[in-house]
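Open your viewer and get ready to click along. We will go from one selection to the next and look at what is there.

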Amino acid sequence: MSQSLSFLCQLSAIFLRYPDELIKQESVELGRLISLSNLSIEQKKAFDEIRIFLEKTPLLDAQSQYVQLFDMSPSLSLYLFQHVHGDSRMRGQAMVDLLEEYRSAGLDLQGNELPDFLPAYLEYASVCDPHKTQELLTEIVDILAVLNRRLQERRSIYAGIFQILQEESTRLPDKEVVHAHLRDTAVMDDPATLDMRYEEKPVTFDHASSPAACSAACAGYSGKDHGKARA
């Protein structure tokens with residue numbers, strides 16, 4: 001179970017990055033790894049659905065949908081501390097602390113991305129010991145539940161990933177916290193309230209998740225060897 005959780009975090013990190021040509025090139029290999037893993041049938045189906053979507057959707061269309069969801073919709077931000085601290089100074093200190101955790105684990109952020117970017121967080125979770133991996137998911141379960149709800153409302157293919165991550169947490173989301181966040185951020189995506197937003201370069205670790213990286217986690221429980229991000 002611990003190895004499948006690590007693999008699950010790696011897959012989620014891959015699929016939550018800005019779509020690029022590499023994800024299309026690796027689609028078949030990712031499909032093989034998903035099939036050979038010991039993820040549940042429901043989890044395999046959810047990951048395969050988004051894999052096939054990214055494989056078959058024209059790249060510019062997939063990128064446009066990603067930007068509209070996660071870059072142009074503040075309520076769907078993939079920056080975790082944005083949901084917790086907003087733009088307060090507390091967010092800066094929280095990011096410094098998280099960055100130190102990454103470095104302690106031997107991971108260095110590449111590019112100009114922030115450490116609270118969810119794919120980076122999941123990349124980190126995937127290389128931690130099983131107890132820590134579970135703990136990291138549990139710490140963000142309320143955020144995962146909020147994003148899951150909003151994506152389901154939009155009938156987004158990405159909702160499945162958040163549903164899986166939420167279910168893998170060791171605790172249920174706090175309903176009051178989730179409801180309050182959904183209520184308080186209901187108008188965040190209104191065009192009248194949006195500021196000009198700009199694209200940032202993505203994050204990768206020097207050994208960021210790929211089919212080759214996923215194979216290491218997958219091999220441990222399948223019995224076989226298996227075999228980034230915004231521009």
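Is D142 buried or exposed? D142 is buried, with a relative accessible area of 16%; buried means under 20% relative accessible area, exposed over 50%, and partly exposed in between (1.4 Å probe, protein chains only).

Before moving on, a note on the model: it is predicted, so local features need pLDDT of at least 70 and side-chain atom pairs count only at pLDDT 80 or more, while totals for chains, interfaces and linings use all residues. Residues are numbered from 1 along each chain as its sequence is written, and side-chain values use heavy atoms, with hydrogens and water left out.

Helices here are DSSP runs (H or I, at least four residues), numbered from the N terminus. R171 is partly exposed at 33% relative accessibility.

The structure holds 8 salt bridges. For a network of them, select D48, R51 and E55. R51 reaches D48 with closest N and O atoms 2.7 Å apart, and R51 also meets E55 at 3.3 Å, N to O. R51 and D48 lie 3 residues apart in helix α4 (residues 41-56), while R51 and E55 are 4 residues apart in that helix. An α-helix has 3.6 residues a turn, so residues three or four places apart point the same way. R51 is buried at 13%, whereas D48 is partly exposed at 24%.

Next, pick the aromatic cluster of Y18, Y66, F70 and Y158. Rings of Phe, Tyr and Trp (its six-membered ring) pair if their centres lie within 6.5 Å; planes under 30 degrees apart count as stacked, over 60 as edge-to-face and the rest as tilted. The count by this rule comes to 7 aromatic pairs. Y66 and F70 are edge-to-face, with centres 5.0 Å apart and planes at 65°. Y66 has 0% relative accessibility and counts as buried. Y66 also pairs edge-to-face with Y158, at 6.2 Å centre to centre and 75° between the planes.

Finish in the loop between α10 and α11 with R155. R155 has a positive phi of about 55° although it is not a glycine, and it is exposed at 78%.

Technical notes
Helices (H or I, at least four residues) and strands (E, at least two) are DSSP runs, numbered from the N terminus. A salt bridge is a side-chain nitrogen of Lys or Arg within 4 Å of a carboxyl oxygen of Asp or Glu.
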